[in-house]
Amino acid sequence: MRAYELREAIGIDGVVLNPDRPTPGARPGEILVRVRAASLNYRDLMIARGVYRSGARPNVIPLSDGAGDVVAIGPGVTRFKVGDRVAGAFFPGWLGGAPSAEAISRALGGSVDGMLAETVVLHETGAIGIPEHMSFEEGATLPCAGLTAWNAVAEMATVRAGETVLLLGTGGVSLFALQFAKLHGACAILTSSSNDKLSLAKTLGADQTINYRETPEWHKKVAELTGGRGVDLVVEVGGAATLERSIRSTRVGGAIALIGVVGGTGQIDPRLLMSRAARLQGIFVGSLEMFAAMNAALTQAKLRPVIDRVFPFQEAREAYAYLDSGRHIGKVVIAV
Ligand SMILES: NC(=O)c1ccc[n+]([C@@H]2O[C@H](COP(=O)([O-])OP(=O)(O)OC[C@H]3O[C@@H](n4cnc5c(N)ncnc54)[C@H](OP(=O)(O)O)[C@@H]3O)[C@@H](O)[C@H]2O)c1
């Protein structure tokens, strides 16, 4: 089968197509999945560059996120049958409850093989059905970006109607978080470096938008938009570069879901968190149980992920480069 491999963590050039990788077989408890689509996350760029904290196994098949159909099942499999449409779980060992070191020790596209291949093997508890109304391309965006946003908005913060959520940028996680915030009846304030992207975000439900390039002191604008109160939740993807402003944007007793590091470096005064009695909570994707809850909500609301562009399999490296350019809004997908 054809599969990409991360031969060397030297950047996008280290992701190499192997036209003849042995096709795996399903052992007891495993399912064989013909992958139809995979999607990229910022993490995949970091792994390719060798700057992701937990690194990657040599020659690993990259990408945590993908969806396809079950083409064979191993002995003893009860959760799936041939023909089912499934996505892989980012953490195949985190089934439910609070995360443990053991549960998050294995992740697709890092310590175990990911989804950028024609065929993959998954344990039956490391896969989940994708919503019926979604295409494979759409289903392929759920395991990391979708679930992380769901965890922040619906599990960690339990956003309620009438609350206000702040979203940073228009990448995969932030646009899912926008959709989930609106689904829960919240008011959404969204920032971006691009006015075109902000216009698009408005059509997706953003109530207020701020260009963080034109308004570098955007926390002041957030304060103004919330009548001086601040937001109930910040979905923080910028990391150290944006965290201080995110804390300043949060209401007393509010919460910040710490997810990403796209903004680079910066300094934070920890007293700001204390003086707001605010909660800063790290989010690490989510469990299979949360994935099922998210799928139920997506199905009920017939929500569709925002896909910017779909690249053919042979142009996977161009897809990486496109994500790296930051020109995208929402998700970048690779058809397999
Ligand atoms: N902890 C977890 O479980 C988890 C899961 C998924 C992702 N992540 C992390 O979350 C981050 C986002 O991931 P992603 O896949 O959504 O990335 P992505 O699709 O590449 O989106 C990145 C977006 O971030 C925005 N951005 C960049 N610098 C910014 C800044 N200084 N202020 C505000 N926004 C800024 C840009 O939006 P504009 O172009 O609109 O300006 C850019 O498009 C990454 O650091 C990733 O590693 C963590």
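**View 1. Who lines the largest pocket, by class.** The lining of the largest pocket splits into 22 nonpolar, 20 polar and 6 charged residues (Ala, Val, Leu, Ile, Met, Phe, Trp, Tyr, Cys and Pro count as nonpolar, Asp, Glu, Lys and Arg as charged, and the others, Gly among them, as polar). This is a predicted model, where local features need pLDDT of at least 70 and side-chain atom pairs pLDDT 80 or more, while totals for chains, interfaces and linings use all residues. Residue numbers start from 1 along each chain as its sequence is written, and side-chain values use heavy atoms, with hydrogens and water left out.

**View 2. The middle of the largest pocket.** Of its 48 lining residues, Tyr-42, Val-237, Gly-260, Val-261 and Val-262 sit nearest the centre. The volume comes to about 1400 Å³.

**View 3. H3 against H4.** The axes of H3 (residues 142-156) and H4 (residues 172-183) come within 8 Å and cross at roughly 45 degrees. That makes H3 oblique to H4. Trp-150 and Val-153 are among the H3 residues in this contact, and Phe-176 and Phe-180 among those from H4 (contact means heavy atoms within 4.5 Å). By class, the H3 contact with H4 has 10 nonpolar, 3 polar and no charged residues.

**View 4. H1 against H10.** Here the axes come within 10 Å and cross at roughly 110 degrees, so H1 and H10 are roughly perpendicular to each other (65 to 115 degrees; under 35 is roughly parallel, over 145 roughly antiparallel, the rest oblique). H1 brings Tyr-42, Asp-44, Leu-45, Ala-48 and Arg-49, and H10 brings Tyr-320, Leu-323 and Asp-324.

Conventions
Axes fitted to C-alpha atoms, helices over the stretch in contact; angles between N-to-C directions. Helix = DSSP H or I, 4+ residues; strand = E, 2+ residues; numbered from the N terminus. 1 Å grid on protein atoms, 1.4 Å probe; cavity = no way out; pocket = protein on both sides within 12 Å on 5 of 7 lines; lining within 4 Å. Points joined across faces, edges and corners; volume = space filled by probe spheres on them.
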